[in-house]
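Keep the structure open while you read.

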Amino acid sequence: MEEYKKRIVKTIQFIDNNLDTELSLEKVAEIAAYSPFHFHRIFRMITDETVQNYITRKRTEKSAFYLALRKNLTVKDIYHQFGFSNHSAFNKTFKKYYGKSPSEFRKTAPENFHKIQNKESKNGQIDTVFDQYICNIENLLNWRNMNLKIKVTELQEMNLAAVMSLGIANVEPSYNILVDWAKKKKLFPKDNVKMLSVYHDSFKVTPPDKVRIHACMLLDEPLKKQEGEVFPETIEAGKFIIGSGEVTLHDFEQCWVSLFLWMKENNYAVRKVFPFEIYHTNFKEHPEGKMLVDFCIPIH
């Protein structure tokens with residue numbers, strides 16, 4: 001199973017980096033070094049969806065994210081960037097996922113772009129439900145001012161060891177795999193070890209059981225090659241909005257929502273790098289379950 005996961009990690013990274021290209025089953029299977037038939041079965045066993053469903057879902061979710069946060073891009077710019085051949089195909093697929101056309105969806109964002117889920121309506125059609133904010137905007141901004149210190153700064157390149165998790169329930173097991181690997185390498189426990197979560201999907205557009213999160217550890221030197229389920233990952237140097245605070249796990253959603261609002265208020269645009277969290281303390285060691293966290297958004 002470990003060898004299967006190792007190859008699936010490689011193919012998922014390839015798919016996500018090439019959404020604007022033709023991604024046939026044969027082409028993706030070649031990356032995994034399996035026959036198309038064998039690869040199709042393995043991929044579905046590990047991810048619980050077919051290769052084509054995964055590709056279509058990723059293209060649609062990435063498009064939704066850009067429709068909401070990159071208002072400077074046209075709808076055509078976005079669907080070409082994520083591999084849709086024409087407006088008709090994009091419109092049909094997008095509406096199937098979110099119950100709205102891309103243009104209608106964009107009009108609701110970012111004010112209503114908070115948490116999106118599909119549910120069956122009484123007549124069998126899929127409705128898109130936009131949940132309300134945890135609290136109203138004024139209260140959210142007051143909470144942000146009380147709990148987060150926000151700055152814009154340049155960060156140097158970061159070399160990470162990473163373990164992929166598909167679905168929120170698999171994040172903790174991924175960290176366990178990472179820590180076990182680090183202990184064998186005598187990298188853990190150590191002073192000032194930094195653990196990170198890198199979000200390759202957004203909960204705004206991806207269901208919690210499908211979201212891809214990488215459990216990571218910051219390294220002094222780059223990891224040269226994949227070792228079992230642990231693989232190298234790099235966060236490119238650049239400009240970031242960083243919101244820092246001592247918060248509980250229940251506060252994370254408010255932190256991210258308020259930080260993205262701050263980004264829009266201050267006219268920054270998100271950069272095509274994945275947002276991440278840096279953990280400076282362990283919530284399990286705090287009497288109130290709090291931890292020091294940096295929430296980092298890449299920006300232009």
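## Strand pairing in the sheet

A quick definition to start: two strands pair if DSSP finds at least two bridges between them. In this predicted model, strand β4 (residues 158-166) and β7 are joined by 5 bridges and run antiparallel.

Now for the helices. Helix α3 (residues 36-47) packs against helix α2 (residues 25-32) at an angle of about 80°, and their axes are 9 Å apart. Angles of 65 to 115 degrees count as roughly perpendicular, and α2 and α3 are therefore roughly perpendicular to each other. On the α2 side, the contact uses L25, E26, V28, A29 and A32, while α3 brings P36, F39 and H40. Sorted by class, that's 6 nonpolar, 1 polar and 1 charged residues.

Helix α1 (residues 2-17) meets α3 as well: the two axes come within 10 Å and cross at roughly 95°. That makes α1 roughly perpendicular to α3. From α1 you get Y4, K5, I8, T11, I12 and I15, and they meet H38, F39, I42, F43, M45, I46 and T47 of α3. This contact splits into 9 nonpolar, 3 polar and 1 charged. F39 turns up in the contact with α2 and in the one with α1.

## The α4 and α6 crossing

What is the crossing angle of helix α4 (residues 51-69) and helix α6 (residues 87-98)? It's roughly 90°, with the axes coming within 10 Å, which makes α4 roughly perpendicular to α6.

The residues that meet here are N53, T56, R57, T60, E61, S63, A64 and L67 in α4 and F90, T93, F94, Y97 and Y98 in α6. By class, there are 6 nonpolar, 5 polar and 2 charged residues in this contact.

## Overall dimensions

Stepping back, the protein chain holds 10 helices and 10 strands. Its C-alpha trace spans about 55 × 55 × 35 Å along the principal axes. With 300 residues, a compact globule would have a radius of gyration near 19 Å, and the chain's 20 Å agrees with that.

The chain averages a pLDDT of 87, and 90% of the residues score at least 70. Confidence is highest in strand β3 (residues 149-155), at a mean of 97, and lowest in strand β2 (residues 126-130), at 35.

Residues 111-135 are the stretch to watch: the pLDDT there is below 50, although the stretch has 59 contacts in the model beyond near neighbours in sequence. Where pLDDT is low, the predicted coordinates should not be read in detail.

Definitions and conventions: Residues are numbered from 1 along each chain as its sequence is written. This is a predicted model: local features need pLDDT of at least 70, side-chain atom pairs count only at pLDDT 80 or more; totals for chains, interfaces and linings use all residues. Side-chain values use heavy atoms; hydrogens and water are left out. Axes are lines fitted to C-alpha atoms, for helices over the stretch in contact, and angles run from 0 to 180 degrees between N-to-C directions. Helices (H or I, at least four residues) and strands (E, at least two) are DSSP runs, numbered from the N terminus. Angles under 35 degrees count as roughly parallel, over 145 as roughly antiparallel, 65 to 115 as roughly perpendicular and the rest as oblique. Contact means heavy atoms within 4.5 Å. Ala, Val, Leu, Ile, Met, Phe, Trp, Tyr, Cys and Pro count as nonpolar, Asp, Glu, Lys and Arg as charged, and the others, Gly among them, as polar. pLDDT is the predictor's confidence in each residue, from 0 to 100. The radius of gyration is taken over C-alpha atoms; the globule rule is 2.2 Å times the number of residues to the power 0.38.
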